[in-house]
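Student: Can we go through this one together? I'd like to start with the ligand.

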Amino acid sequence: MKVPFIDILRFENGFYETVTQKAAELIKNGHFVGGPVVGQFESALKDYTQTAFALGCANGTDAIQLALRAAGVKKNDKVLLPDMTFWATFESVVNVGAIPYTLDVSRETLHLTVASVKEGIEKFKPQALILVHLYGWACPETVEIRKLCKEHNVTLIEDCAQAIGTKINGESLIGGASAATTSFYPAKVLGASGDAGGVFFKEAQVAKDCQILINHGRTGHYDHGMIGWNSRLGAYEASFMLESLKHLDAKLASRRHTCERYRKEIKNPALKFIAPAASVWENGYLSVAVMDPTTRPAFIEYLKKHEIGYGTVYPGAMSEQPGATGHIGGKISHGHADWVAKSVINLPCFAYMKQEEVDFVIKTVNDYK
Ligand SMILES: Cc1ncc(COP(=O)(O)O)c(C=O)c1O
């Protein structure tokens with residue numbers, strides 16, 4: 001049996017027919033950019049995430065740049081971020097003219113800790129921090145990090161590209177953030193039919209500024225109060241996601257079930273599964289295990305031989321990327337992010353995986369010697 005790492009075409013019954021019919025209506029009505037469906041999607045997204053303001057934009061990278069700009073991050077400001085994340089987090093800081101500083105992550109939780117953020121604030125005196133929530137989890141020390149940033153007047157942006165629907169202490173992770181962003185790249189938990197992203201705020205003024213930035217800094221049709229850019233969400237993507245949002249709880253349940261089965265049923269000592277903290281309700285974006293870095297290449301060959309897809313999210317620390325040269329302002333490293341990059345392994349996980357596919361992955365991994 002062949003099991004892909006991800007299959008983004010496992011739609012719910014009737015989904016394809018509904019979205020194609022809705023797309024035909026948009027084309028007939030000439031609603032290509034904007035129009036009522038974008039507002040309807042933003043309103044549904046706001047309700048789902050229990051936030052005060054939810055805005056659609058062009059992609060998850062723009063979302064971070066928009067949030068940084070709307071929250072007042074300026075040229076040459078210092079911005080902390082974890083060394084273990086997707087490159088877009090690092091890139092966004094540079095793209096808004098600010099300077100990225102990377103912090104190490106914990107080997108146990110794979111996320112930032114209050115201690116690492118405290119060390120970064122003391123050493124670099126930053127204006128902002130991007131707290132990244134990876135794998136569909138939340139950083140277990142989110143509440144304490146939010147408090148610490150407030151005490152030190154550090155602007156906090158939470159990169160929730162992988163964490164839509166995730167909860168911490170029973171509450172929406174995005175809903176509890178002052179400023180958060182997400183990605184609707186098709187492979188994400190809530191994927192669009194193309195590129196798309198979302199920005200979330202608690203405060204009305206910041207949300208208003210962000211809305212202006214999304215649309216060329218427009219304050220009137222030909223009045224431009226700010227230097228923004230074109231990061232508008234397309235009508236077709238909004239329509240597709242509005243329909244998909246209706247099924248999001250079912251998608252999350254299916255993904256979570258797979259992650260839980262792997263953690264419970266894979267007994268091979270070569271892999272150590274990591275679960276999110278007890279306070280975190282994961283959305284099932286990725287299954288995460290670590291292994292001795294020297295054994296990972298052989299295990300990957302074994303998975304390939306048995307036609308099982310896999311991921312190594314992410315295989316390199318940000319500060320080690322060639323593109324960081326000349327941009328990175330500083331880093332605090334204890335070697336943990338590097339270790340995670342060499343050790344992490346992700347098994348197939350996507351919405352509506354068949355139980356026989358999950359069974360096959362579990363058996364094949366358990367049989368690995
Ligand atoms: C943690 C993280 N941040 C930002 C992004 C960027 O999102 P996009 O690809 O929609 O620009 C991603 C997408 O993979 C991500 O995983």
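Student: How many residues surround the ligand, and which are the closest?
Tutor: 15 residues surround the ligand, and the closest are G60, T61, A88, A161 and S183. A residue is near a molecule if its C-beta atom, placed from the backbone, lies within 6 Å of it. This is a predicted model: local features need pLDDT of at least 70, side-chain atom pairs count only at pLDDT 80 or more, and totals for chains, interfaces and linings use all residues. Residues are numbered from 1 along each chain as its sequence is written.

Student: What classes are in the shell?
Tutor: The shell around the ligand has five nonpolar, eight polar and two charged residues. Ala, Val, Leu, Ile, Met, Phe, Trp, Tyr, Cys and Pro count as nonpolar, Asp, Glu, Lys and Arg as charged, and the others, Gly among them, as polar.

Student: Which helices each supply at least two shell residues?
Tutor: α3 and α4 do. Helices are DSSP runs (H or I, at least four residues) and strands are too (E, at least two), numbered from the N terminus.

Student: Which residues of α4 are buried?
Tutor: In α4, residues 87-95, they are A88, T89, F90, S92 and V93. Buried means 20 or more other C-beta atoms within 10 Å of the residue's own, with C-beta atoms placed from the backbone.

Student: And what comes just after α4?
Tutor: G97, with a positive phi of about 85°.

Student: Zooming out, how many helices and strands does the protein chain have?
Tutor: 12 helices and 16 strands. Buried residues make up 44% of its 369 residues.

Key. A residue is buried if 20 or more other C-beta atoms lie within 10 Å of its own, exposed if 12 or fewer, and partly exposed in between; C-beta atoms are placed from the backbone.
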